[in-house]
Amino acid sequence: MLESLLAASVLITLTVAIHMVGLVALMGFLQARSRRIRPFESPLRQGVFIVMIVLGLVVIHGVEIMIYGVSYHALGVFPTFEAALYYSTSAFTTVGFGDLAIESEWRLLGALEGLNGFLLIGWSTAFLVAVIGRMRSMEMGWLDRLRDGAD
């Protein structure tokens, strides 16, 4: 149990750090591209911008899932990397298909991966909602200017 708890602590710390750095990098990328894309000028541009955000989030989560999968395989929890990655994806996303069972000594690691994934996906959702909310407020800026100019 202690080995599982230690592995979970290390992996949670690592994936939280990766997530933070990934979101900061994604925000920097979006800020650099927003001047060219101008997402507040048309629905199509907004759509492109949102797709870029979502794809960036998928990449960040993919890296985190991969780290868990590599760890499961390296620890000998699963005989193949494919099984380890499949289990990791299932646990991280909290889908939990249940067709692959984890050994009892590693169950705590699997459960904590689910908690970690749940929190990181929630963090990504908050990020996405905040960015879309900011785009909407910029979109409404022209209405405010129109209203103020009409007085």
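Is Tyr72 buried or exposed? In this predicted model, Tyr72 is buried, with a relative accessible area of 0%. Buried here means under 20% relative accessible area, exposed means over 50%, and partly exposed lies in between (1.4 Å probe, protein chains only). Residues are numbered from 1 along each chain as its sequence is written, and side-chain values use heavy atoms, without hydrogens and water. Because the model is predicted, local features need pLDDT of at least 70 and side-chain atom pairs count only at pLDDT 80 or more, while totals for chains, interfaces and linings use all residues.

The chain averages a pLDDT of 88. This score is the predictor's confidence in each residue, from 0 to 100. A score of at least 70 is reached by 88% of the residues. Confidence in the chain is highest in H3, at 95, and lowest in H4, at a mean of 84. Helices are DSSP runs (H or I, at least four residues), numbered from the N terminus.

Four aromatic pairs were found in a search of the whole structure. Rings of Phe, Tyr and Trp (its six-membered ring) pair if their centres lie within 6.5 Å; planes under 30 degrees apart count as stacked, over 60 as edge-to-face and the rest as tilted. Tyr72 and Phe78 form an edge-to-face pair, at 5.9 Å centre to centre and 85° between the planes. Phe78 is buried, at a relative accessible area of 5%. Tyr72 also pairs edge-to-face with Tyr87, at 5.4 Å centre to centre and 85° between the planes. Tyr72 lies in helix H2 (residues 43–74) and Tyr87 in helix H3 (residues 81–92), so this pair ties together parts that are 15 residues apart in sequence. Both Tyr72 and Tyr87 are buried. One aromatic cluster is formed by Tyr68, Tyr72, Phe78 and Tyr87.

Tyr87 is one of the buried residues of H3, which are Ala83, Ala84, Tyr87, Ser88, Ser90, Ala91 and Phe92. The twelve residues of H3 should span 16 Å at 1.5 Å a residue, and the end C-alpha atoms are 16 Å apart, which agrees. The expected span is 1.5 Å times one less than the number of residues. Just after H3, Thr94 takes a positive phi of about 60°.

Trp123 lies in helix H4 (residues 107–150). Trp123 counts as partly exposed because its relative accessibility is 34%.

Conventions
Helices (H or I, at least four residues) and strands (E, at least two) are DSSP runs, numbered from the N terminus.
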